Amino acid sequence: MMADNRKGFTMWFLIKGSFWFSLVLIALPLLDSGSREALKDAPQLEVGQSMSAAMEAFADIKQICVRKPDICETGSETFAALGVRAREGARLAYQFLDTKFADAPEGLTTASLPEADVESTAD
């Protein structure tokens, strides 16, 4: 029973995370004037109606695991498999970057500050 609860929690977390991530993506063009120009011919967004529809969809999604637990189980297993693959991809990317940038070339100059004379700065 504990595994079912954890799967439901994981699925619910992913649904909420997807919702908030989508909101961030929708809001980003508001910060860029070039995006505003590109979106001037786009369909207008009615915030009140959109929020009402989102609240109804949200309430319906909350009940999906109760109505069809197999969907949540399959979704949870899918996201778990994707998470394992993403972790492996991150490990490979880290190894690739580590081999490319781990050893600095001999003649490389970095942006470091010279050591300050402690006695002269104390006065």
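This is a dialogue on reading the features of a predicted model.

Me: Where do I start: how many helices and strands are in the chain?

Reply: Start with the secondary structure. The chain has 6 helices and 0 strands. Read from the N terminus, its elements run α-α-α-α-α-α.

Me: What share of the residues counts as buried?

Reply: Burial is judged by relative accessible area, with under 20% as the limit. In this chain of 123 residues, 3% count as buried. The chain exposes about 11100 Å², and 63% of that area comes from carbon and sulfur atoms.

Me: How many aromatic pairs does a search of the whole structure find, and how is the geometry of Trp 12 and Phe 58 to be read?

Reply: The search finds 2 aromatic pairs. The general idea is to look at the distance between ring centres and then at the angle between planes: under 30 degrees is stacked, over 60 is edge-to-face and the rest is tilted. For Trp 12 and Phe 58, the ring centres are 5.4 Å apart and the planes stand at 40 degrees, so this pair is tilted.

Me: Which helices hold Trp 12 and Phe 58?

Reply: Trp 12 belongs to helix H1 (residues 2-27) and Phe 58 to helix H3 (residues 47-62); the pair therefore ties together parts that are 46 residues apart in sequence.

Me: Are Trp 12 and Phe 58 buried, partly exposed or exposed?

Reply: Trp 12 has 23% relative accessibility and counts as partly exposed. Phe 58, at 33%, also counts as partly exposed.

Me: What is the geometry of the pair formed by Phe 19 and Trp 20?

Reply: Phe 19 and Trp 20 form an edge-to-face pair, with 5.1 Å from centre to centre and 75 degrees between the planes. On accessibility, Phe 19 is partly exposed with a relative accessible area of 35%, whereas Trp 20 counts as exposed at 55%.

Me: How many salt bridges does a search of the whole structure find?

Reply: It finds 2 salt bridges. The reading rests on the distance between a side-chain nitrogen and a carboxyl oxygen, which must be within 4 Å. Asp 60 and Arg 67 form one of them, their closest N and O atoms being 3.1 Å apart. Asp 60 is partly exposed at 42% relative accessibility, and Arg 67 is partly exposed with 48%.

Me: Where do Arg 91 and Glu 88 lie, and how many residues apart are they?

Reply: Both lie in helix H5 (residues 69-101), 3 residues apart, which is about one turn of the helix. Arg 91 has a relative accessible area of 36% and is partly exposed; Glu 88, at 34%, counts as partly exposed.

Terms used
Residues are numbered from 1 along each chain as its sequence is written. This is a predicted model: local features need pLDDT of at least 70, side-chain atom pairs count only at pLDDT 80 or more; totals for chains, interfaces and linings use all residues. Side-chain values use heavy atoms; hydrogens and water are left out. Rings of Phe, Tyr and Trp (its six-membered ring) pair if their centres lie within 6.5 Å; planes under 30 degrees apart count as stacked, over 60 as edge-to-face and the rest as tilted. Helices (H or I, at least four residues) and strands (E, at least two) are DSSP runs, numbered from the N terminus. Buried means under 20% relative accessible area, exposed over 50%, partly exposed in between (1.4 Å probe, protein chains only). Accessible areas come from the Shrake-Rupley method with a 1.4 Å probe; for residues, only the protein chains shown count as cover.
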